[in-house]
Amino acid sequence: MKLHSESFPDQGVIPERNAFARVDPQNHVALAGNNNPHLAWSDVPDGVRSFAVLCVDPDVPSKPDDVNQVGREVPADLPRCDFYHWVLVDVGADVRSLAAGSYASGITPRGKAGPLALDGTRQGLNDYTGWFASDRDMNGDYFGYDGPCPPWNDALVHRYVFTVYALDVAELDVSGRFTGAQALAAMQGHVLAKASITGTYTLNPRLHAL
C-alpha cells in the first residue's frame, strides 16, 4: 500500500489548519484550525473488507514536570510515550481517500460526539479525553480527530504518524468508548497491509527560529 496527503508531504511540517494549537507570542499558544488532513491510499491488496486510520504522536513526554512551565524546557532526551490523535475504523472497502476537514473542522470544547461517524464509520476516543479530564472547561469525550498541540517548551519536534490499515473484517471488534490501543489490539491477525505518512509539528518558538 501507498499513502499520501495533499495537506502535507511525508516528513514535512503539518499546517496550522490541521493542528489543535498554533504559536502565539503573547500567550504561548492559541487555538488553530484543527481540520483533519487529507489522506489517500493506493495499491490495496485483494480481500480488503474495511480500513482503519490511526494517528499517533510517539513523542509525548513521559513525565509532566516541565511541560509548559515558564523558564524551563522539556529535555529532548526525556523518555517518550504514545498519544493517539485519531482513531477511525470501519472505513468502507471501496474508499480510497478522506477529504480534509471531513471528520474534524475546528475545536469543540468538551469533545466531539461518537463513536458513530460519516458513512457508517466509527471513531474511537483520542487521548485528549484523558489530557483534559481535570479541566473544568474542556473535559469530555474526544472522539475522532484532534490535531497537534505539543508542549510549547518541548526541545523535541514531535512526529505525527498517520497509518491506514487494510483489514480482512468489515467491522472491527471494538465497541462503545473504545481507544486507539484497543483498536490496534483488535486489528491483530486481520491486517492485510498498511501504509504510513509522518508529519512534524512544534510550538516551541526557539525551534521555529532555527
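Analyst: β4 (28–31), β6 (50–61), β7 (80–92), α1 (128–131) and β12 (158–167) each contribute at least two residues to the lining of the largest pocket; helices (H or I, at least four residues) and strands (E, at least two) are DSSP runs numbered from the N terminus. This is a predicted model, in which local features need pLDDT of at least 70 and side-chain atom pairs count only at pLDDT 80 or more, while totals for chains, interfaces and linings use all residues. Residues are numbered from 1 along each chain as its sequence is written, and side-chain values use heavy atoms, without hydrogens and water.

In total, 27 residues line the largest pocket, and Asn-68, Trp-131, Cys-149, Pro-150 and Pro-151 lie nearest its centre. A pocket is an open set of points on a 1 Å grid over the protein atoms alone, where a 1.4 Å probe fits, with protein on both sides within 12 Å along at least five of seven lines; lining residues have an atom within 4 Å of a point. The volume of the largest pocket is about 530 Å³, taken as the space filled by probe spheres set on the points, which are joined across faces, edges and corners.

By residue class, the lining of the largest pocket comprises 21 nonpolar, 4 polar and 2 charged residues. Here Ala, Val, Leu, Ile, Met, Phe, Trp, Tyr, Cys and Pro count as nonpolar, Asp, Glu, Lys and Arg as charged, and the others, Gly among them, as polar.

Of the elements that supply the lining, β6 also holds Phe-51, which pairs with Trp-41 of strand β5 (residues 39–42).
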